[in-house]
Each structure stands twice: as structure tokens, then as C-alpha cells.
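Keep the picture handy while you read.

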Amino acid sequence: MPANFGDHEQRSNDPSAAEHRQDSEKAVGRNPHPDIAKVQASRPDWNHDRSWHFTKPVDPDWNLGYGANDGGESLKKEHVDLDPYEDGRPAIFNYKLLISAIIPRPIGFVSTRSEDGKSTNLAPFSYTSVINHDPPLFTIGFAGGFSNAKDTLTNLAATKECTINIISEHFLEAANATSINAPHGVSEWALSGLTPAPCKEVKCSRVKEAIFSVEGKLFSTQEFESRATPGKKTGVLAIIEGTRFWVREDALNEDRNLIDPAILRPMSRLGGIMYGRTTEGCELPRPDYAEKEKGKEMDGLIQPKLEGQ
């Protein structure tokens, strides 16, 4: 099987792999609830009145050398170490552990189109981050290799283009709907009810409802191989260069360099099937070494390493 085996060839030569990808949600078991509708009915309604606001930090009087702000409570707890490759540990355990530990994660809501332009795709990816600003670079992580690529990766590899949209509260359900295991050729745009908007640098659409969107060109990809099962391709990292930004005008400041979190109201990914919302924050300036030294705050703290390290 060639290294850059595409989705069409995969389905023709090994359709069972494509079917397995569609059924992967059942195997992963992200949803812990046998009856999610019953669980949802027992929970309070979404609080629409909760607005973005600032609070003080946990300890406004914290100084250098103070350590954790919990009075030492965290030091009373023990840790266990986990070998990700220990005998009998399924790889899916590492996946579930990591997505419940590395939280909150920004969600890249990625729009692509096929090379022939006959189909479009829209899907959320929580293995997403910004890694540089000049040039603007973003990462998207895809589960599975090129031989078992999702439509987004197939389209991205073929066209070298995409848009990355940030999910806000006002279209959370629609965005989540695009994670459906739709067969190849079925566009998630129609299933979600979201609105495509034209771009200037790329042919694929951005999400009109999104407060912030990025037009992007593929910079590079890196495919990863399993440590536990040599030869098995388990993931692909795509680096995307942002070529144009789109910001809703009421969210942008006068200098056009800041987005108001009260307008953006971004959603993040937590573990399992959980999402998180951002409704409050605190501000902490970066300490300046010279100022702290001058103020005698570092007396007795300057040393090359701590004892026992």
C-alpha cells in the first residue's frame, strides 16, 4: 500500500478500513451514558445570562517563592506513573486519558473541498493549536494515517487549502453535528445548517456564523507510526499557514489586533463528549526580573537548581 494512499483508493482496496473508521466512535466509547437524553433532561438549562467577566486571581498577594496557592494540599496526594506501552494497555486508553487531561483544547472547525470541487467537508478537530505568528502557523492533528484518511485530510492533502473557524456558543450544536460519521460524498454543511461564506485566498468556504476564521494553505505534513504496532500508521500532523483572517467587526478592537472574548465566547473540548465554555478570566502580568531583583523579592531565591533535583 503506497504511503500517500488516498481515501478513494482506500475504499476501493480495503473498504473494511473505511467502515471501521465510521464505527470508531462505538469502539472508543467516548459517550459514557446509555441514555444521554435522560441525563440531559436531569441537568439545568443553559445559562444564557452568564456573561464574560473578570475576577481576581486566586491569591492576589502571591509573591515569588510562595509555590502553589492551595496551602500545600496538593503535596499530600500521591501520583501513579503510567507506561503508555505497558502489556495489556490498549492504545485507546492513552487517547481517552490524554483528551481528559489536556483540557481545555481549542477546536479547529475545518472546512475543505475536494480537488474536483464536487464535494465539500466540514469537521471539528480538537488536536488544533497556533504555533507561530510570523508566518501565522497552525497545527491540526488527524487520527489515522494517509491510508485511512478522513475526508478533511484527503481534501487538504489534495488541494493544499482549508479554512479554520473558531466555534462559538451560538452554533455549538451545529458544529458538533458535523462530527457525524457521514459516508464519503455527504457534505456536513447541509447536515449542520451552517452558512458557507466565500474566501479570497482559498476556494473552500469559511463559516459565516464564526466570529473568527482563517484562510489557510498547507505548509507541511508528518505521518506517525505506532510504537506498539510497528508499521501501523496512527496519525498525521498538518501545519497550516494562515493567509487571511476574517473577524466579525463587532468583536474587533480599533487597532484591529484584539478580539473581545465577550463576543467570541469560544467553546473548547474537554474529555469524553464534554465541551467547555469560557465565561470568566483573570489577569496576571509577566514578572520583570530586574524589577523583582531591585525590590528585594528574590532575596534567598537565586540559585542554579533546587536541592534534590
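## Salt bridges

Start with Lys-292: at 23% relative accessibility, this residue counts as partly exposed. Its salt-bridge partner is Glu-297, and their closest N and O atoms sit 3.3 Å apart. Glu-297 is partly exposed too, because its relative accessibility is 29% and that label covers the range between 20% and 50%. Elsewhere, salt bridges that share partners tie Glu-169, Arg-265 and Arg-277 into one network. Bear in mind that you're looking at a predicted model, not an experimental one.

How many salt bridges turn up in a search of the whole structure? The search finds 7. Among them is the pair Glu-73 and Lys-76, whose closest N and O atoms are 2.8 Å apart. Lys-76 has a relative accessible area of 58%, so this residue is exposed, whereas Glu-73, with 43%, is partly exposed. Another salt bridge links Glu-225 to Lys-233, with 3.1 Å between the closest N and O atoms. Here both ends are partly exposed: Glu-225 has 38% relative accessibility and Lys-233 has 36%. As background, side chains of opposite charge can pair when their charged atoms come close.

Asp-81, Asp-83, Glu-86 and Asp-87 form a negative surface patch. Where does Glu-86 sit? You'll find Glu-86 in the loop between β1 (53-54) and α5 (91-101). Its relative accessibility is 37%, so Glu-86 counts as partly exposed.

There's a nonpolar patch as well, made by Val-80, Leu-82 and Leu-97 and covering about 290 Å² of surface. Leu-97 belongs to helix α5. With 37% relative accessibility, Leu-97 counts as partly exposed.

## Strand β3 and its partners

Is strand β3 mostly covered or mostly open? Mostly covered: 5 of the 6 residues in β3 (residues 108-113) are buried. β3 pairs with strand β4 (residues 120-125) in the antiparallel sense, over 6 bridges. To spot this pairing in the model, look for Ser-111, which stands opposite Leu-122 in β4. The hairpin of β3 and β4 has 6 residues between the strands, and in this hairpin Gly-117 takes a positive phi near 75 degrees.

β3 also pairs with strand β7 (residues 161-166): the two run antiparallel and are joined by 4 bridges. In this case, Phe-109 stands opposite Asn-165 in β7. A handy thing to remember while you trace strands is that they pair in a sheet through backbone hydrogen bonds, either parallel or antiparallel.

## A sheet of three strands

One more sheet to find. This open sheet has 3 strands in the order β2-β12-β13, and the pairing is antiparallel. Which strands are at the edges? They are β2 (105-106) and β13 (275-277), each of which pairs on one side only.

Strand β12 (residues 267-269) pairs with β13 over 3 bridges, again in the antiparallel sense. For a landmark, pick out Ser-268: its bridge partner in β13 is Gly-276.

Key. Residues are numbered from 1 along each chain as its sequence is written. This is a predicted model: local features need pLDDT of at least 70, side-chain atom pairs count only at pLDDT 80 or more; totals for chains, interfaces and linings use all residues. Side-chain values use heavy atoms; hydrogens and water are left out. Two strands pair if DSSP finds at least two bridges between them. Patches are made of residues with over 30% relative accessible area and no salt bridge: like charges are joined within 9 Å, nonpolar side chains (Val, Leu, Ile, Met, Phe, Trp, Tyr) within 5 Å. Accessible areas come from the Shrake-Rupley method with a 1.4 Å probe; for residues, only the protein chains shown count as cover. A salt bridge is a side-chain nitrogen of Lys or Arg within 4 Å of a carboxyl oxygen of Asp or Glu. Lys and Arg count as positive and Asp and Glu as negative; His and the chain ends are not counted. The place of a charge is taken as NZ of Lys, CZ of Arg, CG of Asp or CD of Glu. Buried means under 20% relative accessible area, exposed over 50%, partly exposed in between (1.4 Å probe, protein chains only).
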